[in-house]
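Please keep the sequence and the structure at hand while reading.

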Amino acid sequence: MSRSPSFSVKTELSPKLDPASLRQWAVAFCIIRFDLEQGQLIEECYPPGCLTKDEELEIAFSSFPDSVSQHQNRSSIHDCIFFFRFRRQNGSQSVLVSSSEITEVDKELSPKSTDKRNLTRSNTCKNNKDSRHMYGYVFNRQRHDERLKRGGEQKSVVILSLSPYSSVFRPLLQIMGPLYFDIGKKALEHIAAFVSMWPAPKPGKLMDLPIGNAMLKVNLPPAHSLPSESGMLFEESAYSMAPFLPNNQSVPQGLFHDSDLFGTFRGLLLQLWVLWELLLIGEPILVIAPTPPQCCEAVASLVSLVAPLLYSVDFRPYFTIHDPEFAHLNSLQEGDTFPPIVLGVTNLFFLKALRKIPHIVSVGSPAPNSNRLAFTTRSSGGKFSARSEAFGLQQLSLKKFSPSNLLSAVKLKRDGPLCLMTEHKEAIWTTYGAITKPDTSILNRLIDAGMSPRVEESMSVVNNEILRRHFLELTTNFLAPFGPYFRTKTPSESSSPFVDPPPLPSFNADEFLASLSARGPGKFLSKRMKSNWLDLYRRFLRGPNFMPWFQRRRAVAEQEQHKLWRQARMNTDIQQFISKRSELEIVDSFNAIERHFLEEIQLGYRVFPYSLWRFRQDGWSLADLCGGWWLGSASISSVLLIM
């Protein structure tokens, strides 16, 4: 990992730090050193004083690999980039995602509160002390030197943020990490100052972010995929959220769209559909990998698999035994339900400590030169076979399918995940019976790049695009039956735009399932799911992802309907409107207009229909309205800016 050769820092050209603007992107920049006597120590934190003691301790423990890399040359320098996520102690009292947390999400996204947030046009970051999670993006350097104690030293450069912007902070670390080891702590001040000059984040957009004389071109995840807890208030479009298939599929539709889905799961490609279902219904999953970068990439890829669904289950890209929540997970007794969470770990101790977790995935390879499975999971005819699906494993190579491979797969399943204690293997252990069938036509489109690193990297881009488009379409079609519950209505020509809009259709789970059973899942899903496809909807409705997504999606639809009706009121020809109404209807309209006027004042609007402003300024009455005082303006669309 090296910084751009064109990047340079000139002190006299560095901008001044703007703390408020900086917090739109990052909370702090830290330097953490591993001390042989005192353990992990935070040497620098800039800006100072923005972290609690508990947060500093958790960040320090999460910023280093579990063990120093052993396969490097004794005098070499080994750099790696990974990230972690932890729950802030001043957030929710709930240990993990639970029904109480879902209820909290519902309250946050109620129509009234959501309208208010949207109508104030707020798109700036607020200093949200109640944000439940923080992300740490780490550049770790291990330097092997036999002259030092224990033969080496470790330091980590960490960027802390409330936002899951891996597409921003990964390339930023590639600049900032080596820069720190070149010029020291001044690098933190320079980088922080440049970041504070960036414009506010624009979710779902391509942004140019300057760092000195370098430029980062990054795509941010869309607003509908960002957790509402992040402290960022963005206006969401009803047409940018599932269940509508996006028109421009090159735009990111979920979190961690830059993760290497194909490269991470190339040894388990046939199991991606099983994992997709487990993520959809919010099942707990333990991901094991040899190194923190591989571990984080796997968790990020899993979260991205269900885009454009808002993934509400807690996930930890890199989880250690020092995390305060480990004690709770380790204390679960026989019969206790493991909470919904995706844990990424490198320490094999978790295999014994978290025996009750029902689904375990092992990915990655211990060393770059290890005998990792090549991309040979095709049959001798060059096509994928689904025969291995019955084993729940994808460890064997289908290119050389033989009785010995079959026995190896059966033995791997019989031995269970504890076999990883002796040798790392790529596999999945689960008793879950998948409903969705692997799409072999998609797998056959993937390009076998061979073993050339340069060619393999470029082909991974193509393969990732193929896989993401497929699972985006799969998730969108799965969510499509919920579309009628988000359908907005506009005022008809014969109705009054001054009455309240009709409510969106009410939702009842039993009625929804009965209706869906009668009409079927649709052509796309019927080809890819088994006959018990309705069970997947039942599990989804009971799982932790449905309610937060549904409530947020409803709130956005109500926002959109509010806009449509307000615009209709602004465009109403008052003279024509009143000429077609009875005296009683005029009275009702008068009261409605007065109420809308007061609501817009409370919501902070500074642009009003001219008639409403005159009515408020002059104290006009209903008699004035009936007498025709408002008829001097043919349309309410003429507006006045109230200074």
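D208 is partly exposed, because its relative accessible area is 40%. The model in which this value was computed is a predicted one. D208 forms a salt bridge with K217, and the closest N and O atoms of the two are 2.9 Å apart. K217 has a relative accessible area of 59% and is therefore exposed. Salt bridges that share partners also join R85, R87, D314, R316, D323 and E325 into one network.

**Salt bridges**

Side chains of opposite charge can pair when their charged atoms come close. How many salt bridges does the structure hold? The count comes to 19.

| Lys or Arg | Asp or Glu | N to O distance |
|---|---|---|
| R33 | E43 | 2.4 Å |
| K217 | D208 | 2.9 Å |
| R170 | D258 | 4.0 Å |

R33 and E43 meet through their side chains at 2.4 Å, N to O.

The side chains of R170 and D258 meet in a salt bridge at 4.0 Å, N to O. R170 is in helix α5 (residues 166-183), while D258 is in the loop between β7 (214-219) and α7 (261-265), so the pair ties together parts that are 88 residues apart in sequence. At 28% relative accessibility R170 counts as partly exposed, and at 32% D258 counts as partly exposed.

**A buried arginine**

Is R88 buried or exposed? R88 has a relative accessibility of 5%, so this residue counts as buried; the cut-off for buried is under 20%. R88 is placed in the loop between β3 (77-87) and α3 (99-108). The side chain of R88 makes a polar contact with the side chain of E55, at 2.9 Å.

**Aromatic pairs**

A pair of aromatic rings is described by the distance of the centres and the angle of the planes. In the whole structure, a search finds 39 aromatic pairs. One of them is F478 with F540: the ring centres are 5.3 Å apart and the planes stand at 80 degrees, so the pair is edge-to-face. F478 lies in helix α14 (residues 453-479) and F540 in helix α17 (residues 533-542), and the pair links these distant parts of the chain, 62 residues apart. Both F478 and F540 are buried.

The rings of F486 and F550 have their centres 5.3 Å apart and their planes at 50 degrees, so this pair is tilted. F486 lies in the loop between α14 and α15 (509-519) and F550 in helix α18 (residues 546-570), so the pair ties together parts that are 64 residues apart in sequence. F486 and F550 are both buried.

**Charges over rings**

Which residue lies over the face of F181? R141 does, at 4.4 Å from the ring centre. The ring of F524 has the charged end of R528 over it, 3.8 Å from the centre of the ring.

Methods: Residues numbered from 1 in each chain as written. Predicted model: local features only at pLDDT ≥ 70, side-chain atom pairs only at ≥ 80, totals over all residues. Heavy atoms only, no water. Helix = DSSP H or I, 4+ residues; strand = E, 2+ residues; numbered from the N terminus. Buried < 20%, exposed > 50% of the residue type's maximum accessible area, 1.4 Å probe, protein only. Polar contact = N/O pair within 3.5 Å; in protein donor to acceptor, adjacent residues only side chain to side chain. Phe/Tyr/Trp six-rings, centres within 6.5 Å; stacked < 30°, edge-to-face > 60°. Lys NZ or Arg CZ within 6 Å of the ring centre and 35° of its normal.
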